[in-house]
2 protein chains.
Amino acid sequence: MRLRVDLVPQEGLSYADVVLVVDVIRATTTASAFLEAGARELYLTALRESARSFKDHDVVLAGEEGGLRPAGFDYGNSPREALEAAVGGKTVVMSTTNGTKAAHLAARTAKHVLLASLYNAHAAARLAHDLASEEVAVLCAGKEGRIGLDDTYTAGVLAEFLQIMGGYDLEDGALTALATRRTYPDPTEPLHLSAAAQALRQVGLEEDVTFCAQIAASPAVPLLEGRVGEALIFRRGQRNGSQSQIPTL
Amino acid sequence: MRLRVDLVPQEGLSYADVVLVVDVIRATTTASAFLEAGARELYLTALRESARSFKDHDVVLAGEEGGLRPAGFDYGNSPREALEAAVGGKTVVMSTTNGTKAAHLAARTAKHVLLASLYNAHAAARLAHDLASEEVAVLCAGKEGRIGLDDTYTAGVLAEFLQIMGGYDLEDGALTALATRRTYPDPTEPLHLSAAAQALRQVGLEEDVTFCAQIAASPAVPLLEGRVGEALIFRRGQRNGSQSQIPTL
Ligand SMILES: [Ca+2]
Ligand SMILES: [Ca+2]
Ligand SMILES: [Ca+2]
């Protein structure tokens, strides 16, 4: 099995099999937290306007603008807030920048798209391993087209878990991510050093970074199950011995 | 001073100041080796055809096609061969794939463009440090749009040398490159693990990888000094206490 890590989204990337999309600060961490809080499904939309178009439906709107909750939205993009949110049985429409773009890029070609973070790293790696038949790819969202130390590190943690589960051939991106993981035994260090953390610090949300640095605290893995318009629909992926017999799309 | 590392060339990247272009296996290593062998200047062209257009002039043609010397060329892209080449006082026209593209991308916006490798790492870092007034950037060539472990590692070695010389603010790419450097104390390991090395192994040129893994063996740093048509002209950069008073372009 191949293990591939793309440290920055680029037009033209295409995926043969399973993709773990990582935007650890904060979109993919927050996505798991909403599922933990009981959300039935997540709609990921790249545009705030298309999130707003769901407003009249019985949905919860979450997103960010400069790190903060946009006007008219119910929640921001904070995983601490998401975990306490009153979203039981509901649809949460999430609109974030880098993470959503990466998820849409992966969804163009991949067979299975999962949202991964440190928070659900173990469960996400296991589900990816179960679903994959030839390749597991990690696509890091990065920050405005640039590599993010936080996402690279998270890819390294996922690569470490995957390697424990089976024989993977690692390419250069995966080896770089693993090297980053090995350099920082304590995940809070690279996360706090990242440009993403610096941006949150400026708006007083540094505690979210500490939340995002928890490793494998959640079993909730958002798995792409379909689309509605431009939005991608994610529901909680089920790990199952007979996974391959259950259609997931 | 800022230290920035771009692990893969992307359209739209722009540079404020000094750029160290890295294609360690093999273009930027070979470029230094040609200067070591006495070449007066290097012309870097992205297209093999425009290299061939210099054929009637008194120049030496070097390049590669699937790792090997193209038909009608004097030399391939081997640093071992370059170091022994009869190029004293001559112009060498080099046409390679990833490294040349990265150099052209950097040359669009940067004030100073240098070609760096492990082979000239110390000299390249010192010259970059002398020339820079606000930022040193490392642009890794990668391999067909993907990150290369070999180039990422080399960027980490350059970052290490730069950090010794002065106070740099490191962004996420630089921290990732440094982490990769720290994970592999022996440079032959990441270089041999890279996709670039695997490609050379397939054409029997693995010894070039060992050559490229030498750290700081050469003081020869190709520095961009002008253009002729589409080709970039590199000459040996001089390190000098009064560098800032010597026009280099
Ligand atoms: Ca990259
Ligand atoms: Ca992020
Ligand atoms: Ca190369």
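This is a predicted model: local features need pLDDT of at least 70, side-chain atom pairs count only at pLDDT 80 or more; totals for chains, interfaces and linings use all residues.
Two strands are taken as paired if DSSP finds at least two bridges between them.

**Strand pairing in chain A**

Strand S10 of chain A, residues 231-236, runs antiparallel to strand S3 (residues 41-44) of chain A, and three bridges join the two. Within this pairing, A:Tyr43 has A:Ile233 in S10(A) as its bridge partner. S10(A) is also joined to strand S9 (residues 222-228) of chain A, again in antiparallel fashion, by six bridges. S9(A) and S10(A) form a hairpin with two residues between the strands, in which A:Gly229 adopts a positive phi near 60 degrees.

| Strand joined to S10(A) | Residues | Bridges to S10(A) | Direction |
|---|---|---|---|
| S3(A) | residues 41-44 | three bridges | antiparallel |
| S9(A) | residues 222-228 | six bridges | antiparallel |

A:Tyr184 lies in the loop between helix H7 (172-183) and helix H8 (188-193) of chain A. Is this residue, A:Tyr184, buried or exposed? Its relative accessibility is 5%, and A:Tyr184 therefore counts as buried, the cut-off for that class being under 20%. Beyond its neighbours within four places in sequence, A:Tyr184 contacts A:Leu149, A:Tyr153, A:Glu189, A:Pro190 and A:Leu193, together with B:Leu175 and B:Ala179 of chain B. A:Tyr153 is 31 residues away from A:Tyr184 along the chain, and their C-alpha atoms are separated by 8.4 Å.

**The interface of chains A and B**

Chain A and chain B each contribute 28 residues to the contact between them. The area buried between the two chains is about 1,900 Å², with carbon and sulfur atoms giving 50%. Of the area that chain B buries against chain A, 30% is supplied by B:Arg146, B:Ile147 and B:Asp172, more than by any other three residues.

Four salt bridges are found across the interface of chain B and chain A. One of the residues named above, B:Arg146, forms a salt bridge with A:Asp6, in which the closest N and O atoms are 2.8 Å apart. The interface also holds 11 residue pairs in polar contact.

On the side of chain B that touches chain A, the elements giving two or more residues are strand S1 (2-6), helix H6 (149-165) and helix H7 (172-183) of chain B. H7(B) gives the most, with eight residues. By class, this side of chain B comprises 12 nonpolar, nine polar and seven charged residues.

How values were computed:
Residues are numbered from 1 along each chain as its sequence is written. Chains are lettered from A and ligands numbered from 1 in the order in which they are written. Side-chain values use heavy atoms; hydrogens and water are left out. Helices (H or I, at least four residues) and strands (E, at least two) are DSSP runs, numbered from the N terminus. Buried means under 20% relative accessible area, exposed over 50%, partly exposed in between (1.4 Å probe, protein chains only). Contact means heavy atoms within 4.5 Å. Buried area is the accessible area (1.4 Å probe) that two parts lose on being put together, summed over both. A salt bridge is a side-chain nitrogen of Lys or Arg within 4 Å of a carboxyl oxygen of Asp or Glu. A polar contact is a pair of N or O atoms within 3.5 Å; within protein, one must be able to donate a hydrogen and the other to accept it, and residues adjacent in sequence count only if both atoms are side-chain atoms. Ala, Val, Leu, Ile, Met, Phe, Trp, Tyr, Cys and Pro count as nonpolar, Asp, Glu, Lys and Arg as charged, and the others, Gly among them, as polar.
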